[in-house]
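Subject: Structure handover

Hello,

Here is the structure for you to look over. My notes follow below it.

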Amino acid sequence: DVLNVMGLYPGDPGDPGSDCSGTVINCGAGGCVESSFSCADRVFGVVPGCLCMYRITRQQFLVPRPEAWSAEAAAVLPVIYTTVDL
């Protein structure tokens with residue numbers, strides 16, 4: 001992300017950000033009919049370009065955020081976890 005916003009990343013890396021944590025505010029057209037999440041659910045995951053106020057993504061990129069975790073703690077884990085787990 002740092003290289004990206006400084007213009008030092010080769011090519012077009014897209015918008016900055018990938019790890020995220022937040023609250024579901026809408027689930028598809030017409031509500032959460034086909035989603036495992038409901039509005040107000042706390043989630044975290046990997047969402048490219050997530051350094052913004054709102055982001056639209058697929059539910060497959062998110063998991064429920066444990067009650068004991070802060071939003072900040074959850075936001076630093078997804079890419080680290082998937083990198084170490086590989």
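A nonpolar patch sits on the surface, formed by Val2, Leu3, Val5, Met6, Leu8 and Tyr9. Together these residues have about 640 Å² of accessible area. Please keep in mind that this is a predicted model.

Leu3 lies in helix H1. Its relative accessible area is 46%. Leu3 therefore counts as partly exposed, since that class runs between 20% and 50%.

Next, Gly7. It belongs to the loop that runs between helix H1 (2–5) and strand S1 (19–23). Is Gly7 buried or exposed? It is exposed, because its relative accessibility is 58% and the cut-off is over 50%. I also checked Gly7 against Ser70. The two are 63 residues apart along the chain. Their C-alpha atoms are separated by 31 Å.

Now the second largest pocket. It holds about 200 Å³ of space. Which elements give two or more residues to its lining? They are strand S2 (42–46), strand S3 (62–64) and helix H3 (78–85).

The lining residues are as follows:

- Phe44, Gly45 and Val46 are among them.
- Gln60, Phe61, Leu62 and Val63 also line the pocket.
- Trp69, Leu77, Pro78, Tyr81 and Thr82 complete the list.

By class, nine of the lining residues are nonpolar and three are polar. No charged residue takes part in the lining.

Best wishes

Definitions and conventions. Residues are numbered from 1 along each chain as its sequence is written. This is a predicted model: local features need pLDDT of at least 70, side-chain atom pairs count only at pLDDT 80 or more; totals for chains, interfaces and linings use all residues. Side-chain values use heavy atoms; hydrogens and water are left out. Helices (H or I, at least four residues) and strands (E, at least two) are DSSP runs, numbered from the N terminus. Buried means under 20% relative accessible area, exposed over 50%, partly exposed in between (1.4 Å probe, protein chains only). On a 1 Å grid over the protein atoms alone, a cavity is a set of points where a 1.4 Å probe fits but cannot get out, and a pocket is an open set with protein on both sides within 12 Å along at least five of seven lines; lining residues have an atom within 4 Å of a point. Grid points are joined across faces, edges and corners, and a volume is the space filled by probe spheres set on the points. Ala, Val, Leu, Ile, Met, Phe, Trp, Tyr, Cys and Pro count as nonpolar, Asp, Glu, Lys and Arg as charged, and the others, Gly among them, as polar. Patches are made of residues with over 30% relative accessible area and no salt bridge: like charges are joined within 9 Å, nonpolar side chains (Val, Leu, Ile, Met, Phe, Trp, Tyr) within 5 Å. Accessible areas come from the Shrake-Rupley method with a 1.4 Å probe; for residues, only the protein chains shown count as cover. A salt bridge is a side-chain nitrogen of Lys or Arg within 4 Å of a carboxyl oxygen of Asp or Glu.
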